[in-house]
Amino acid sequence: MKLAARIGQVSPSLTLAISAKAKAMATEGLDVCSFSAGEPDFNTPDHVKEAAKTALDEGKTRYGPAAGEPKLREAIARKLQRDNGLTYDSSQILVTNGGKQSLYNLMQVLIEPGDEVIIPSPYWVSYPDMVKLAGGTPVLVQTDASSNFKISPEQLRQAITPRTKLLVFNSPSNPTGMVYSPDEVRALAAVVVAADILVVSDEIYEKILYDGAEHLSIGAVSPEAFQRTIISNGFAKAYAMTGWRVGYLAGDPALIKAATSLQGHSTSNVCTFAQYGAIAALEGPQDCIGIMGAAFAERRKVMIDRLNAIPGFSCPTPGGAFYAFIQLDPALGLDSMDFCTTLLDQHYVATIPGVAFGASDCFRMSYATDLGTIEKGLDRLTQFVKSL
Ligand SMILES: *Cc1c(COP(=O)(O)O)cnc(C)c1O
(Lines give C-alpha, C1' and ligand atoms only; values in the text may rest on other atoms or scores of the structure.)
Protein backbone atom coordinates (compact mmCIF):
# COMPACT_ATOMS: atom_id res chain seq x y z
CA MET A 1 0.00 0.00 0.00
CA LYS A 2 1.31 3.43 -0.87
CA LEU A 3 1.17 5.66 2.20
CA ALA A 4 1.12 9.45 2.25
CA ALA A 5 4.56 11.04 2.01
CA ARG A 6 4.02 12.99 5.23
CA ILE A 7 4.17 9.90 7.42
CA GLY A 8 7.42 8.76 5.79
CA GLN A 9 9.33 11.59 7.51
CA VAL A 10 8.24 10.50 10.97
CA SER A 11 10.24 8.01 13.02
CA PRO A 12 8.59 5.61 15.46
CA SER A 13 9.20 6.50 19.12
CA LEU A 14 12.36 4.75 20.36
CA THR A 15 11.29 5.47 23.95
CA LEU A 16 8.11 3.43 23.52
CA ALA A 17 9.99 0.62 21.70
CA ILE A 18 12.53 0.18 24.51
CA SER A 19 9.90 0.34 27.26
CA ALA A 20 7.99 -2.38 25.38
CA LYS A 21 11.12 -4.57 25.07
CA ALA A 22 11.91 -4.18 28.79
CA LYS A 23 8.32 -5.13 29.66
CA ALA A 24 8.46 -8.18 27.37
CA MET A 25 11.72 -9.32 29.02
CA ALA A 26 10.14 -8.94 32.46
CA THR A 27 7.12 -10.97 31.31
CA GLU A 28 9.52 -13.76 30.27
CA GLY A 29 10.61 -13.84 33.90
CA LEU A 30 13.87 -11.86 33.58
CA ASP A 31 14.71 -9.54 36.49
CA VAL A 32 14.75 -6.23 34.59
CA CYS A 33 15.53 -2.89 36.25
CA SER A 34 13.75 -0.30 34.13
CA PHE A 35 14.74 3.35 33.97
CA SER A 36 12.92 3.95 30.71
CA ALA A 37 9.57 5.27 31.98
CA GLY A 38 8.63 8.85 31.25
CA GLU A 39 5.89 8.95 33.89
CA PRO A 40 5.51 9.20 37.68
CA ASP A 41 5.25 5.79 39.39
CA PHE A 42 2.56 7.12 41.75
CA ASN A 43 -1.20 6.72 41.64
CA THR A 44 -3.44 9.65 40.81
CA PRO A 45 -4.46 11.38 44.10
CA ASP A 46 -7.71 10.02 45.58
CA HIS A 47 -9.60 13.31 45.53
CA VAL A 48 -8.98 13.59 41.77
CA LYS A 49 -10.25 10.06 41.18
CA GLU A 50 -13.29 10.76 43.38
CA ALA A 51 -14.16 13.89 41.37
CA ALA A 52 -14.10 11.90 38.13
CA LYS A 53 -16.23 9.13 39.67
CA THR A 54 -18.77 11.69 40.86
CA ALA A 55 -18.83 13.26 37.39
CA LEU A 56 -19.54 9.81 35.91
CA ASP A 57 -22.38 9.25 38.37
CA GLU A 58 -23.77 12.68 37.55
CA GLY A 59 -23.93 11.73 33.88
CA LYS A 60 -20.99 13.80 32.63
CA THR A 61 -20.60 11.20 29.91
CA ARG A 62 -21.68 13.09 26.81
CA TYR A 63 -20.04 15.27 24.18
CA GLY A 64 -18.98 18.63 25.56
CA PRO A 65 -17.64 21.79 23.91
CA ALA A 66 -14.57 21.03 21.76
CA ALA A 67 -12.52 23.64 23.65
CA GLY A 68 -13.23 22.00 27.00
CA GLU A 69 -15.64 22.25 29.94
CA PRO A 70 -16.08 25.96 30.78
CA LYS A 71 -15.36 25.24 34.48
CA LEU A 72 -12.03 23.64 33.64
CA ARG A 73 -11.03 26.46 31.30
CA GLU A 74 -11.80 28.93 34.10
CA ALA A 75 -9.82 26.87 36.62
CA ILE A 76 -6.84 26.80 34.23
CA ALA A 77 -7.04 30.58 33.73
CA ARG A 78 -6.97 31.01 37.54
CA LYS A 79 -4.02 28.61 37.81
CA LEU A 80 -2.00 30.47 35.15
CA GLN A 81 -2.59 33.73 37.03
CA ARG A 82 -1.88 32.29 40.49
CA ASP A 83 1.14 30.10 39.72
CA ASN A 84 2.70 31.78 36.72
CA GLY A 85 1.62 35.43 36.79
CA LEU A 86 0.04 35.06 33.32
CA THR A 87 -3.28 36.78 32.61
CA TYR A 88 -5.47 34.82 30.22
CA ASP A 89 -9.20 34.92 29.76
CA SER A 90 -10.75 31.44 29.82
CA SER A 91 -11.57 31.91 26.11
CA GLN A 92 -7.81 31.87 25.49
CA ILE A 93 -7.50 28.29 26.76
CA LEU A 94 -7.99 25.06 24.83
CA VAL A 95 -8.26 21.81 26.79
CA THR A 96 -6.44 19.07 24.88
CA ASN A 97 -5.76 15.34 25.05
CA GLY A 98 -2.55 15.87 27.00
CA GLY A 99 0.30 18.29 26.51
CA LYS A 100 1.21 16.26 23.46
CA GLN A 101 -1.94 17.20 21.56
CA SER A 102 -1.65 20.82 22.58
CA LEU A 103 1.80 20.99 20.96
CA TYR A 104 0.62 19.02 17.93
CA ASN A 105 -2.36 21.35 17.42
CA LEU A 106 -0.13 24.36 17.80
CA MET A 107 2.29 23.20 15.09
CA GLN A 108 -0.63 22.43 12.76
CA VAL A 109 -2.19 25.87 13.07
CA LEU A 110 1.05 27.88 13.12
CA ILE A 111 3.67 26.24 10.94
CA GLU A 112 3.83 26.27 7.14
CA PRO A 113 6.32 24.82 4.65
CA GLY A 114 9.40 27.04 4.75
CA ASP A 115 8.94 27.98 8.41
CA GLU A 116 11.82 27.20 10.72
CA VAL A 117 11.27 26.10 14.31
CA ILE A 118 14.21 26.33 16.69
CA ILE A 119 14.54 23.35 19.03
CA PRO A 120 17.30 23.21 21.66
CA SER A 121 18.89 19.76 21.59
CA PRO A 122 18.72 17.33 23.43
CA TYR A 123 14.97 17.67 22.95
CA TRP A 124 11.76 15.83 23.82
CA VAL A 125 11.28 13.10 21.19
CA SER A 126 8.13 14.45 19.59
CA TYR A 127 9.08 18.09 18.88
CA PRO A 128 10.93 17.62 15.57
CA ASP A 129 8.38 15.12 14.24
CA MET A 130 5.49 17.47 15.08
CA VAL A 131 7.25 20.26 13.18
CA LYS A 132 7.86 17.99 10.18
CA LEU A 133 4.25 16.78 10.15
CA ALA A 134 3.22 20.44 9.87
CA GLY A 135 5.59 20.85 6.89
CA GLY A 136 8.07 22.99 8.82
CA THR A 137 11.82 22.65 9.27
CA PRO A 138 13.23 21.84 12.71
CA VAL A 139 16.43 23.79 13.42
CA LEU A 140 18.37 22.05 16.19
CA VAL A 141 20.64 24.01 18.50
CA GLN A 142 23.14 21.61 20.05
CA THR A 143 24.18 21.66 23.70
CA ASP A 144 26.21 19.26 25.84
CA ALA A 145 27.04 18.44 29.47
CA SER A 146 29.70 21.19 29.60
CA SER A 147 26.99 23.86 29.21
CA ASN A 148 24.54 21.91 31.43
CA PHE A 149 22.57 21.13 28.27
CA LYS A 150 21.29 24.72 28.08
CA ILE A 151 21.38 27.07 25.10
CA SER A 152 22.86 30.53 25.49
CA PRO A 153 21.21 33.73 24.24
CA GLU A 154 24.04 33.97 21.70
CA GLN A 155 23.32 30.47 20.36
CA LEU A 156 19.65 31.39 20.00
CA ARG A 157 20.48 34.64 18.22
CA GLN A 158 22.71 32.81 15.76
CA ALA A 159 20.05 30.21 14.97
CA ILE A 160 17.45 32.85 14.05
CA THR A 161 16.92 33.54 10.32
CA PRO A 162 14.24 35.51 8.46
CA ARG A 163 12.30 32.22 8.21
CA THR A 164 12.26 31.54 11.97
CA LYS A 165 8.72 31.37 13.29
CA LEU A 166 8.95 29.71 16.67
CA LEU A 167 11.25 28.64 19.50
CA VAL A 168 10.32 25.52 21.48
CA PHE A 169 11.33 26.06 25.09
CA ASN A 170 11.07 23.32 27.74
CA SER A 171 12.21 24.04 31.30
CA PRO A 172 12.44 21.89 33.40
CA SER A 173 13.57 19.72 30.51
CA ASN A 174 12.86 16.22 29.40
CA PRO A 175 15.34 14.55 28.77
CA THR A 176 18.03 16.53 30.63
CA GLY A 177 16.27 17.65 33.85
CA MET A 178 17.85 21.09 33.45
CA VAL A 179 16.05 24.20 34.69
CA TYR A 180 16.83 27.63 33.25
CA SER A 181 17.26 30.17 36.04
CA PRO A 182 15.01 33.27 36.01
CA ASP A 183 17.95 35.34 34.70
CA GLU A 184 18.61 32.84 31.92
CA VAL A 185 14.91 32.90 30.98
CA ARG A 186 14.94 36.72 30.88
CA ALA A 187 18.01 36.71 28.63
CA LEU A 188 16.36 34.31 26.17
CA ALA A 189 13.12 36.31 26.27
CA ALA A 190 15.08 39.42 25.27
CA VAL A 191 16.33 37.62 22.15
CA VAL A 192 12.80 36.38 21.30
CA VAL A 193 11.41 39.91 21.61
CA ALA A 194 14.25 41.57 19.69
CA ALA A 195 13.89 39.09 16.81
CA ASP A 196 10.08 39.22 17.02
CA ILE A 197 9.61 35.45 16.90
CA LEU A 198 7.14 33.31 18.86
CA VAL A 199 7.98 30.91 21.68
CA VAL A 200 6.02 27.93 22.92
CA SER A 201 6.80 27.22 26.55
CA ASP A 202 6.28 23.55 27.44
CA GLU A 203 5.84 23.80 31.23
CA ILE A 204 4.73 20.24 31.95
CA TYR A 205 7.46 19.76 34.63
CA GLU A 206 7.08 23.17 36.34
CA LYS A 207 6.01 21.57 39.64
CA ILE A 208 8.89 19.10 39.88
CA LEU A 209 11.85 21.18 41.13
CA TYR A 210 14.80 20.54 43.49
CA ASP A 211 17.25 22.44 45.68
CA GLY A 212 15.27 25.68 45.51
CA ALA A 213 15.24 25.81 41.69
CA GLU A 214 12.71 28.35 40.49
CA HIS A 215 10.42 28.13 37.49
CA LEU A 216 9.81 31.41 35.67
CA SER A 217 7.43 31.25 32.73
CA ILE A 218 9.02 33.02 29.76
CA GLY A 219 5.63 34.68 29.17
CA ALA A 220 5.84 36.39 32.57
CA VAL A 221 9.09 38.21 31.77
CA SER A 222 7.50 41.28 30.15
CA PRO A 223 4.36 42.34 28.23
CA GLU A 224 6.41 42.04 25.01
CA ALA A 225 7.40 38.47 25.86
CA PHE A 226 3.82 37.62 26.88
CA GLN A 227 2.51 38.70 23.45
CA ARG A 228 4.89 36.26 21.78
CA THR A 229 4.36 33.33 24.16
CA ILE A 230 2.13 30.28 23.87
CA ILE A 231 1.83 28.04 26.94
CA SER A 232 1.57 24.25 26.76
CA ASN A 233 0.97 22.36 29.97
CA GLY A 234 -0.95 19.42 31.36
CA PHE A 235 -1.82 17.26 34.34
CA ALA A 236 0.21 14.14 33.55
CA LYS A 237 3.44 14.83 35.40
CA ALA A 238 2.43 17.12 38.31
CA TYR A 239 -0.61 15.04 39.34
CA ALA A 240 0.41 11.54 38.17
CA MET A 241 -2.34 11.58 35.53
CA THR A 242 -0.52 10.32 32.42
CA GLY A 243 -3.35 8.05 31.31
CA TRP A 244 -6.10 10.63 31.80
CA ARG A 245 -5.01 12.55 28.73
CA VAL A 246 -5.70 16.11 29.84
CA GLY A 247 -3.54 19.08 28.91
CA TYR A 248 -4.00 22.60 27.63
CA LEU A 249 -2.81 25.32 25.31
CA ALA A 250 -3.04 29.02 26.21
CA GLY A 251 -2.33 31.93 23.92
CA ASP A 252 -3.55 34.55 21.50
CA PRO A 253 -7.37 34.37 20.95
CA ALA A 254 -7.08 33.83 17.17
CA LEU A 255 -4.60 31.00 17.67
CA ILE A 256 -6.83 29.27 20.26
CA LYS A 257 -9.85 29.67 18.00
CA ALA A 258 -7.97 28.03 15.13
CA ALA A 259 -6.66 25.20 17.32
CA THR A 260 -10.21 24.63 18.61
CA SER A 261 -11.52 24.29 15.04
CA LEU A 262 -8.75 21.80 14.27
CA GLN A 263 -9.55 19.81 17.38
CA GLY A 264 -13.25 19.96 16.51
CA HIS A 265 -12.44 18.03 13.32
CA SER A 266 -10.04 15.54 14.89
CA THR A 267 -10.64 14.45 18.49
CA SER A 268 -13.41 16.84 19.63
CA ASN A 269 -13.55 17.35 23.39
CA VAL A 270 -11.31 15.60 25.90
CA CYS A 271 -13.07 12.80 27.84
CA THR A 272 -15.74 14.72 29.75
CA PHE A 273 -15.46 13.09 33.19
CA ALA A 274 -11.64 13.20 33.03
CA GLN A 275 -11.93 16.98 32.80
CA TYR A 276 -13.77 17.00 36.15
CA GLY A 277 -10.83 15.13 37.68
CA ALA A 278 -8.56 17.85 36.27
CA ILE A 279 -10.67 20.58 37.93
CA ALA A 280 -10.22 18.81 41.28
CA ALA A 281 -6.47 18.54 40.63
CA LEU A 282 -6.17 22.31 40.19
CA GLU A 283 -8.64 23.46 42.82
CA GLY A 284 -8.17 20.74 45.49
CA PRO A 285 -5.35 20.18 48.01
CA GLN A 286 -1.86 20.38 46.52
CA ASP A 287 0.00 18.26 49.08
CA CYS A 288 0.35 15.39 46.55
CA ILE A 289 2.90 17.52 44.69
CA GLY A 290 5.08 17.88 47.80
CA ILE A 291 4.81 14.17 48.65
CA MET A 292 5.85 13.02 45.17
CA GLY A 293 8.49 15.74 45.02
CA ALA A 294 10.10 14.55 48.27
CA ALA A 295 10.28 10.97 46.94
CA PHE A 296 11.79 12.12 43.64
CA ALA A 297 14.33 14.27 45.52
CA GLU A 298 15.53 11.31 47.61
CA ARG A 299 15.89 9.06 44.55
CA ARG A 300 17.61 11.78 42.60
CA LYS A 301 20.30 12.14 45.25
CA VAL A 302 21.11 8.40 45.23
CA MET A 303 21.02 8.27 41.46
CA ILE A 304 23.21 11.31 40.77
CA ASP A 305 25.80 10.46 43.47
CA ARG A 306 26.17 6.94 42.13
CA LEU A 307 26.23 7.99 38.46
CA ASN A 308 28.93 10.57 39.02
CA ALA A 309 31.06 7.94 40.79
CA ILE A 310 31.25 5.96 37.53
CA PRO A 311 34.36 6.78 35.48
CA GLY A 312 33.58 8.11 32.00
CA PHE A 313 30.14 9.44 32.96
CA SER A 314 29.33 13.11 32.99
CA CYS A 315 25.93 13.96 34.47
CA PRO A 316 25.05 17.55 35.44
CA THR A 317 22.77 17.65 38.50
CA PRO A 318 19.17 18.01 37.33
CA GLY A 319 17.19 20.88 38.89
CA GLY A 320 13.80 19.49 37.88
CA ALA A 321 11.74 16.69 36.25
CA PHE A 322 12.77 13.08 37.04
CA TYR A 323 15.53 12.29 34.56
CA ALA A 324 19.29 11.97 34.68
CA PHE A 325 21.04 12.61 31.37
CA ILE A 326 24.50 11.14 31.10
CA GLN A 327 27.16 11.99 28.55
CA LEU A 328 29.52 9.10 27.77
CA ASP A 329 33.26 9.62 27.46
CA PRO A 330 34.28 8.54 23.93
CA ALA A 331 37.09 6.54 25.61
CA LEU A 332 34.44 4.03 26.72
CA GLY A 333 34.36 3.00 23.06
CA LEU A 334 30.59 2.58 22.65
CA ASP A 335 28.01 4.94 21.23
CA SER A 336 24.87 5.27 23.31
CA MET A 337 22.80 2.91 21.12
CA ASP A 338 25.32 0.06 21.54
CA PHE A 339 25.81 0.96 25.19
CA CYS A 340 22.09 0.86 26.01
CA THR A 341 21.42 -2.26 23.92
CA THR A 342 24.21 -4.24 25.61
CA LEU A 343 23.16 -2.94 29.02
CA LEU A 344 19.63 -4.21 28.46
CA ASP A 345 20.46 -7.50 26.70
CA GLN A 346 23.25 -8.62 29.04
CA HIS A 347 22.60 -6.82 32.33
CA TYR A 348 18.80 -6.36 32.21
CA VAL A 349 18.93 -2.61 32.77
CA ALA A 350 16.63 -0.52 30.54
CA THR A 351 17.67 3.04 29.66
CA ILE A 352 16.99 5.25 26.65
CA PRO A 353 19.79 5.98 24.15
CA GLY A 354 20.33 9.67 23.48
CA VAL A 355 19.79 9.35 19.72
CA ALA A 356 16.07 9.47 20.56
CA PHE A 357 16.66 13.00 21.86
CA GLY A 358 19.26 14.15 19.33
CA ALA A 359 22.34 13.32 21.45
CA SER A 360 24.02 10.10 20.30
CA ASP A 361 26.76 10.27 22.97
CA CYS A 362 24.28 10.42 25.86
CA PHE A 363 21.61 8.27 27.49
CA ARG A 364 18.62 8.96 29.75
CA MET A 365 17.66 7.30 33.02
CA SER A 366 14.33 8.06 34.66
CA TYR A 367 14.28 7.95 38.46
CA ALA A 368 10.50 7.67 38.63
CA THR A 369 11.06 4.25 40.16
CA ASP A 370 11.67 2.86 43.66
CA LEU A 371 14.98 3.14 45.55
CA GLY A 372 15.52 -0.64 45.54
CA THR A 373 15.46 -0.70 41.73
CA ILE A 374 17.76 2.33 41.63
CA GLU A 375 20.36 0.67 43.90
CA LYS A 376 20.22 -2.65 42.06
CA GLY A 377 20.28 -1.03 38.61
CA LEU A 378 23.22 1.18 39.54
CA ASP A 379 25.15 -1.87 40.87
CA ARG A 380 24.69 -3.53 37.49
CA LEU A 381 25.52 -0.39 35.55
CA THR A 382 28.74 0.09 37.59
CA GLN A 383 29.74 -3.54 36.90
CA PHE A 384 29.02 -3.15 33.20
CA VAL A 385 31.19 -0.05 32.83
CA LYS A 386 34.02 -1.74 34.77
CA SER A 387 33.92 -4.62 32.28
CA LEU A 388 34.38 -2.33 29.26
C1 LIG B 1 5.17 14.10 29.17
C2 LIG B 1 5.52 15.30 28.36
C3 LIG B 1 4.56 16.07 27.67
C4 LIG B 1 3.07 15.82 27.59
O5 LIG B 1 2.59 14.66 28.00
P6 LIG B 1 1.03 14.38 27.98
O7 LIG B 1 0.93 13.04 28.62
O8 LIG B 1 0.58 14.38 26.56
O9 LIG B 1 0.35 15.47 28.77
C10 LIG B 1 4.96 17.21 27.00
N11 LIG B 1 6.24 17.58 26.99
C12 LIG B 1 7.19 16.88 27.61
C13 LIG B 1 8.57 17.38 27.55
C14 LIG B 1 6.88 15.70 28.30
O15 LIG B 1 7.85 15.00 28.90
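Strands here are DSSP runs of E of at least two residues, and helices are runs of H or I of at least four, both numbered from the N terminus. Two strands count as paired if DSSP finds at least two bridges between them.

A note on the source. This is a predicted model, in which local features need pLDDT of at least 70 and side-chain atom pairs count only at pLDDT 80 or more, while totals for chains, interfaces and linings use all residues. Residues are numbered from 1 along each chain as its sequence is written, and side-chain values use heavy atoms, with hydrogens and water left out.

Back to β7. Strand β6, residues 198-202, pairs with β7 in the parallel sense over 4 bridges. To β8, β7 is joined by 4 bridges, and those two strands run antiparallel. Ile 231 has Ala 250 as its bridge partner in β8.

Axes are lines fitted to C-alpha atoms, for helices over the stretch in contact, and angles run from 0 to 180 degrees between N-to-C directions. Contact means heavy atoms within 4.5 Å.

Next, the other sheet. It is open too, with 4 strands in the order β9-β10-β13-β12 and antiparallel pairing. β9 (313-314) and β12 (352-353) each have a single partner strand, so one side of each is left without a neighbour in the sheet. Helix α12, residues 287-308, lies across β9, β10 and β13, running at about 5° to β10.

Now the domains, whose bounds come from an automatic or database domain assignment. Domain 1 is 5-44 + 287-387, and domain 2 is 61-283. Their centres, taken over C-alpha atoms, are separated by 25 Å. In contact are 36 residues of domain 1 and 35 residues of domain 2.

As for cores, a nonpolar core is a set of buried Ala, Val, Leu, Ile, Met, Phe, Trp, Tyr and Cys residues joined through side-chain atoms within 4.5 Å. The largest has 64 residues, and those with the most contacts inside it are Phe 235, Leu 307, Phe 313 and Phe 339. Helix α12 gives the most to this core, with 8 residues. Each of domain 1 and domain 2 supplies at least three residues to it. A second, separate core of 34 residues includes Ile 119, Ala 145, Leu 249 and Ile 256.

Last, Gln 327, which sits in strand β10. At 15% relative accessibility, Gln 327 counts as buried. A polar atom of its side chain lies 2.8 Å from the backbone nitrogen of Ala 145.

Conventions:
Buried < 20%, exposed > 50% of the residue type's maximum accessible area, 1.4 Å probe, protein only. Polar contact = N/O pair within 3.5 Å; in protein donor to acceptor, adjacent residues only side chain to side chain.
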